[in-house]
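Here are my notes for anyone opening this entry for the first time. Have a look at the chain, then go through the points in order.

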Amino acid sequence: MYYITEGNFAVLLDGLKTEYDVYVPVKKDKQRFYKKYTEFSADIVIGEVRAFEPLKSFFSLARGIVARGFSPEIPKLCEKPLCIVGVKACDLKGFKIQDHVFNDHDCPDSAYRSLRQNNLIISSDCTLCIDTCFCLSIGLKPYPQEEFDINLSQVSGGFIVESGSNKGKDLIAKNSSLFENPKSHSITGKNEARAKVTKDVERNIQDSGVPYQESFENIIERNYESKIWEEEANTCVECGACNTICPTCHCFLLYDQKNEKNMARLRIWDSCMIKDFARVAGGANPRAKLWMRLRNRFDKKFDFFPKVAKTYACTGCGRCISACPAKIDIRKVLKRLVGDAKR
Ligand code: SF4
Ligand code: SF4
């Protein structure tokens, strides 16, 4: 464990930007967004809470070219490797699903794999929670425990720093003059801040009544024929925001487009809530009704991924709750599913 002052952290980021494209969270009005780092500025927020956009935005673009003409060369998504700063625990859990789909097998997505292998993740503890956060009910803490190179816990005047990988250890060793041994009051400050934000998330969970993951077993199977799906999907306007904003959703659509000279193949994020998502040639659609698609979305998250990747495909980040114009709240649906499963 080390301590770094805010000033020395700025020096560290200045050094990293020669090797990486560095992105930092900045606050605008009440939201936090990632911005490419140029110099340390007052709007940078390392702590606080997850950014508006999910971490997946850096590793699989919302719209990107995957092939140009008939060239076998795979277009690069960016020139330098990525360094993403201030990543929160809920977004790091998203890697478990994204890696399972795009990387952890014999036929990986090469652009995704190269970004993942070369990236540097400087994560940070949440120092506050917003009313849609429910990470604790999905088995996470509001501070990173894995999937980071170094983690920052904001304390008075700077950060407590912990390494989580060899790359992180090397980074600290290479820049050892910027780090110092932490004082005991800084460590106490870190522990107290973690305890406070954990309590705040617990309060959120109690207020919304969202169940803990221990009660999720078989909730989809047991409610497969339930009226819950039709009732909950009733207000859905099929916008797909719940999928695109989600750090674990990963479905995409390939299409070809021509500019003046060449053809290119592009990939865009897709949404399983859209009617034509599952339609096949000839027009048959196994999920023609909205409620079937809502059931499928929950099925993937709470039945399919626990079976294939041993984890729920939800991080409790609450983004889909804020994004849904129909006010469909995943916490309420889970509460109903668990309640019905108990019955
Ligand atoms: S389903 Fe909703 S709460 Fe869960 S990870 Fe996706 S956006 Fe976050
Ligand atoms: S965000 Fe809400 S309205 Fe839009 S597709 Fe998802 S559930 Fe339906």
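1. A word on "near" before we start: a residue is near a molecule if its C-beta atom, placed from the backbone, lies within 6 Å of it. Keep in mind as well that this is a predicted model.

2. Start at ligand 2, which has 13 residues around it. Cys236, Cys239, Cys242, Met273 and Cys324 come nearest. Sorted by class, this shell holds eleven nonpolar residues, one polar and one charged.

3. Now step back to the whole protein chain. Its domain assignment gives domain 1 (2-208) and domain 2 (213-342), and their C-alpha centres lie 26 Å apart.

4. How many residues of domain 1 are in contact with domain 2? There are 30 of them, and they meet 28 residues of domain 2. On the domain 1 side, strand E4 (63-68) and helix H3 (89-102) each supply at least two residues. H3 gives the most, with nine. That side of domain 1 is made up of 14 nonpolar, nine polar and seven charged residues.

5. Next, the sheet. Seven strands form an open sheet with mixed pairing, in the order E1-E8-E7-E6-E5-E2-E3. At the edges sit E1 (2-5) and E3 (31-36), each pairing on one side only. On average, neighbouring strands are turned by 25 degrees against each other, direction ignored.

6. Last, the helices. H5 (residues 166-174) lies across E1, E6, E7 and E8, at about 130 degrees to E8. H6 (residues 184-208) packs on the sheet too, touching E1, E7 and E8, and its direction makes about 95 degrees with that of E7.

Methods
Residues numbered from 1 in each chain as written. Chains lettered and ligands numbered in written order. Predicted model: local features only at pLDDT ≥ 70, side-chain atom pairs only at ≥ 80, totals over all residues. Nonpolar A, V, L, I, M, F, W, Y, C, P; charged D, E, K, R; others polar. Pairing = 2+ DSSP bridges. Helix = DSSP H or I, 4+ residues; strand = E, 2+ residues; numbered from the N terminus. Axes fitted to C-alpha atoms, helices over the stretch in contact; angles between N-to-C directions. Contact = placed C-beta atoms within 7 Å. Domains from an automatic or database assignment.
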